[in-house]
Amino acid sequence: MASSGEEPRSGSPGRAGTGTEPSPTADAAQLDAAEDFEVLEEEEEEEEDLSELPPLEDVGRPPAPPREDAQPSEQGGGEAAEDPQEWLDVLGSGLLKKKTLVPGQGVDTRPRKGQDVTVRLKATLEDGSVVEENPALTFTLGDCDVLQALDLCAQLLEMGETALIVSDAKYCYGAQGRSPDVPPNAALTLEVELLGARDAPDLELLSGKEKIELANRKRERGNFFYQQADYVLAINSYDIALKVIGSSSKVDFSPDEEAELLDVKVKCLNNLAASQLKLDHYEAALKSCNLVLEHQPGNIKALFRKGKVLAQQGEYREAIPILKAALKLEPSNKTIHAELSKLVKKHADQKNVETEMYRKMLGNPRAAGAPGKCKDKLPWSIPWKWLFGATAIALGGVALSVVIAARN
């Protein structure tokens, strides 16, 4: 079912698996109330690169140290058996650890990225408070549809395995937490059992309703990451939603379904532009805004953000008419008024600086005009070059007359 919210808004997800949006306020009817439309100058936390994780087949479990009270095995030559309780440092940083409680059916049964997996989940705080219980949570592996801690560790689970996952807040709800049950910067312990894994449905065979629901789930997850100020993952979720919408289909959609898909696409592009602006990715944000305006030339959010992008690039001359167009569509909007006033002032300052620079480059025009004024004061003056020429002609004429007279 399509969500009525067009923009990422402050709020908290309803559960670990999905991010739900609160109802919009009156002020957010056209422009996002939570989004102040200012590019925040804050230090982004360095994202940990997970792309270099070893292939899942190569992730082994280190051998368990021998117990002091263990008796030598009569048949095993004194070798210690593998301890199923051994912790695995998933990322090598100590921030995400996993240990097996109940062994699974073997490494070959681990799920693959892109598959839809189903798990039994129980999440608790450090004090033992249960904040999440789901007997059958289904999500697409690798799409960050759920907590990062669960998404990363689910790739290491064997079918039927039950594992305990201890995660730093960075891979759960971060510094924002989840109101009211998960405080900020809270570590979580997840008890997870892998129940099943199957290939994701073919996008070409999805009905219009199924495609809309899938795209909206990805978009809402992007909104959750946006609320957590994790704009990189927000962009990832919006991109996935747009790929779902843009995929080819072998199923005919009704006009209403086509219109709803377009509506979801516009929402995703607008939210994508907002996230790209937060990361100062101006060219990408400009492209996202232009794609919105291709479908909806009067979209206020896209016009406003396009003006913001151009302003950030110093293109005040181009930004001002775009913001004026947005203001014409909604004359009472104070946010656009304030931004437009600021840009007009910046543009005036820019023109003054350019004028002064050109004046210095060209020099003082009054100095060049001074000789002209002297000429105006002495209109009767005869140029010396003219006098010299006339004198030379007269002398030449006299000399010629003398020669002719001598010959005669």
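This is a short walk through a predicted model, from its confidence to a few of its local features.

Some ground rules. Local features need pLDDT of at least 70 and side-chain atom pairs count only at pLDDT 80 or more, while totals for chains, interfaces and linings use all residues. Residues are numbered from 1 along each chain as its sequence is written, and side-chain values use heavy atoms, without hydrogens and water.

Confidence first. The mean pLDDT, the predictor's confidence in each residue from 0 to 100, is 78 for the protein chain, and 65% of the residues reach 70 or more. Residues 1-5 have pLDDT below 50. Residues 10-82 stay under 50 as well; the model has 128 contacts (heavy atoms within 4.5 Å) for them beyond four places in sequence.

Now the core. A nonpolar core is a set of buried Ala, Val, Leu, Ile, Met, Phe, Trp, Tyr and Cys residues joined through side-chain atoms within 4.5 Å; buried means under 20% relative accessible area, with a 1.4 Å probe and protein chains only. The largest one has 83 residues, and Leu96 is among those that touch the most other members. Helix H3, residues 231-246, gives the most to this core, with 9 residues. Helices here are DSSP runs of H or I with at least four residues, and strands are E runs of at least two, numbered from the N terminus.

Next, Ser288, in helix H5. Is Ser288 buried or exposed? Ser288 counts as buried, because its relative accessibility is 5%. Beyond four places in sequence, Ser288 contacts Leu269, Leu272, Ala273 and Gln276.

Last, the hairpin of S3 and S4, with 5 residues between the strands. The two strands run antiparallel, joined by 8 bridges. In the turn, Gly128 has a positive phi of about 90°.

How values were computed. Buried < 20%, exposed > 50% of the residue type's maximum accessible area, 1.4 Å probe, protein only. Pairing = 2+ DSSP bridges.
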